[in-house]
Amino acid sequence: MTLRTRWIAAIVIAAAVVAIGWNKWHAMPPAAARASTVQSTTPDATSLAAPPANDAASAKPPATRAKPLTTPSHVLPDWRTPFGEAVATLHEYAEAGDNDAAIELSWRLSRCTEHELKIAERSEQSDRHDIEQEKTNELFTPDQRAVRIKNMQRRIDEYVSQREACRALSADLRADWLGWIDRAAQSGNTAAMRGYARVANQYYNVEDVRNDLDTAIERRDKSRAYLEEALRRGDAEALRDLADAYRDSAHPTIYPLDPAKAYAYAYAGTLAGITRGNDLDETMAEAARSLDGKQLADAEAAGRRIYEKCCAKH
Amino acid sequence: MYRPIALVITAATAIVVAVVAWHSRKPVSPAERAPIAQESVAAKTPAREQGARTSTHKTATVATADDRPFTEIRPELERRALEGDALAARRLGLTLANCNHYTDVPDDKLEDMVVDQAARGFTAKIGDHEAQPEEILNLYKLSLRQKRRDCKGVSGLDETDAWKKAFQWIERAAALGDTDAQAMYGALAFADFTNDRNALVDADRMRDRKQLATDYLQRSLAKGDALALIQMAGRYQDGVLFPADPEKAYAYAWAYSLTTRASDVVPELLDEVLAQRAAPLDDAARERARAEGQQLAACCDLAAEKTP
């Protein structure tokens with residue numbers, strides 16, 4: 001090897017080392033990327049959902065609000081961790097900027113809203129009533145009745161324990177239950193965007209929505225914007241959420257019933273390979289029952305276009 | 001000897017550089033390509049029912065006092081209501097709301113019903129306490145006496161979606177300026193929102209409806225219609241239009257009881273309503289509520305003086 005060749009090789013190697021180092025420094029994902037999460041490289045998501053003035057969840061931002069949620073994630077507490085302890089840990093991680101912890105924290109705290117506690121209380125009363133009825137229920141043998149009563153009592157104990165754990169949390173933390181996942185979504189985390197659309201709309205019937213109209217409308221609109229944004233950022237999992245949102249349902253959902261759209265999003269999901277079991281096939285089969293041949297063909301074409309636009313290149 | 005090694009290193013380095021360069025380029029994010037259109041919920045103006053702005057009140061010619069059977073008079077009421085007769089529309093609405101499935105039941109049959117229900121484990125709550133069969137029977141009897149008044153001339157009415165139809169007529173009567181219908185509007189305003197699946201989709205319409213119900217109720221009150229007082233009591237009790245407030249609910253119910261309009265209600269039933277509204281309040285709250293009720297009642301025709 002001539003001296004000139006050695007110099008060229010050395011310069012190229014040096015350039016490669018610099019380039020690799022540069023890339024490692026600048027292209028590192030802002031948080032430990034989850035398999036289903038598409039992280040944004042641009043901060044525009046913060047403009048998506050400015051905190052609403054009358055949203056109790058956003059009205060009292062914690063002191064750490066301005067802190068960017070961009071640090072790597074921690075190992076999160078599992079379901080066996082006692083509720084209060086899990087919430088404390090998640091709170092600490094979320095405050096440190098862990099998006100996954102923030103998402104999980106909102107889910108856990110969603111069990112402590114006044115609305116959820118009322119529902120749990122009603123279920124508890126219903127179980128207590130059922131226990132009394134069960135004592136004389138001749139449809140079952142004494143042994144069967146004992147097992148049924150034991151199960152009901154276990155549920156009651158869980159309700160009581162959950163309620164006590166919730167009441168032990170600070171009022172501020174409970175009031176801001178939705179803020180954590182919202183802020184993670186605003187930082188560009190698409191898993192948080194999708195999660196927000198599910199956790200924020202846990203209404204059970206017309207009465208629930210009627211009693212909470214302004215908040216329900218605000219969360220519904222934000223959920224729609226988040227799902228569309230997650231899809232726009234190429235998060236194929238949003239296809240499932242959108243397909244579900246257009247399906248028939250026993251509970252309130254954010255879009256009007258539209259079998260053609262449900263089919264299109266579910267079909268796009270199958271093209272993107274996000275099927276779990278045969279869930280998307282079931283969605284498509286259910287939707288197809290309401291569509292004629294032409295509508296079905298149109299829905300399939302729409303699904304293909306959706307897939308091409310959102311996910312084909314990811 | 002070194003030439004092949006140098007070539008391999010150079011080629012490998014070039015590939016690494018190319019791959020690194022490819023991955024480290026800044027992608028044009030979708031967000032940069034197209035800004036997000038934000039929905040401004042706050043900017044939306046509640047859409048009022050058009051009729052409420054444009055309808056004019058016509059003098060009613062079919063009075064609520066018409067004693068002909070409802071089935072006989074109904075076609076005429078409907079025709080007149082569609083022509084703009086507010087009283088006819090109101091009567092249709094109230095009859096459908098109050099008298100669907102109404103059948104008169106003799107008192108002894110009522111007792112059998114209650115005994116049968118008790119035997120089957122049926123329970124009911126009055127306020128916060130579990131009602132005794134005697135209390136339930138008493139309430140049944142009083143309610144039936146009220147129905148006999150409200151549903152005179154009505155029998156065999158068996159409508160599907162009676163509440164929805166009732167709301168449509170009440171909505172029309174209210175838009176035509178009938179103050180009783182305006183007072184009643186809030187009690188029926190959500191009758192046609194029954195699909196749980198679409199509750200979030202319908203939420204904007206519900207919000208508009210709620211706003212209109214509040215406006216109508218206050219308008220009816222401002223015009224001195226005492227029916228608005230008992231409806232205010234109901235809405236403060238159920239929390240549908242206003243945040244639930246037992247003291248206010250009692251104050252408005254008390255105010256209603258002081259007006260001549262209270263004679264529309266079976267006296268013992270009105271006493272029962274007052275007792276139920278007063279139950280969750282302590283003595284001081286009851287006193288305050290009665291004092292407030294006294295002032296509220298000034299809006300409307302007062303009956304002879306009443307003592308607590």
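Helices (H or I, at least four residues) are DSSP runs numbered from the N terminus. Helix 11 of chain A passes helix 12 of chain A in a left-handed crossing, a term for a near helix turned anticlockwise from the far one by less than a right angle. On the helix 11 side, A:L227, A:A230 and A:L231 meet A:A238, A:L239, A:D241 and A:L242 of helix 12 of chain A, where contact means heavy atoms within 4.5 Å. By class, this contact of helix 11 with helix 12 of chain A has six nonpolar, no polar and one charged residues. Ala, Val, Leu, Ile, Met, Phe, Trp, Tyr, Cys and Pro count as nonpolar, Asp, Glu, Lys and Arg as charged, and the others, Gly among them, as polar.

How confident is the predictor in each chain? Chain A averages a pLDDT of 82, and 77% of the residues score at least 70; pLDDT is the predictor's confidence in each residue, from 0 to 100. Among the elements of chain A, the lowest mean pLDDT belongs to helix 2 (residues 56-59), at 36, and the highest to helix 13 (residues 259-272), at 98. Over residues 39-69 of chain A, pLDDT stays under 50, and the model has 70 contacts beyond four places in sequence for them. Chain B has a mean pLDDT of 81, with 77% of its residues at 70 or more. Its residues 13-63 are below 50, a stretch with 67 contacts beyond near neighbours in sequence. For the complex, the predictor gives an ipTM of 0.73 and a pTM of 0.73.

Turning to chain B, B:E247 lies in helix 12 (residues 246-257) of that chain. Not counting residues up to four places away in sequence, B:E247 touches B:L281, B:A285, B:R288 and B:A289. The C-alpha atoms of B:E247 and B:P280 are separated by 8.7 Å, although these residues are 33 residues apart along the chain.

Residues are numbered from 1 along each chain as its sequence is written, and chains are lettered from A and ligands numbered from 1 in the order in which they are written. In this predicted model, local features need pLDDT of at least 70, side-chain atom pairs count only at pLDDT 80 or more, and totals for chains, interfaces and linings use all residues, while side-chain values use heavy atoms, leaving out hydrogens and water.

Conventions: Helices (H or I, at least four residues) and strands (E, at least two) are DSSP runs, numbered from the N terminus.
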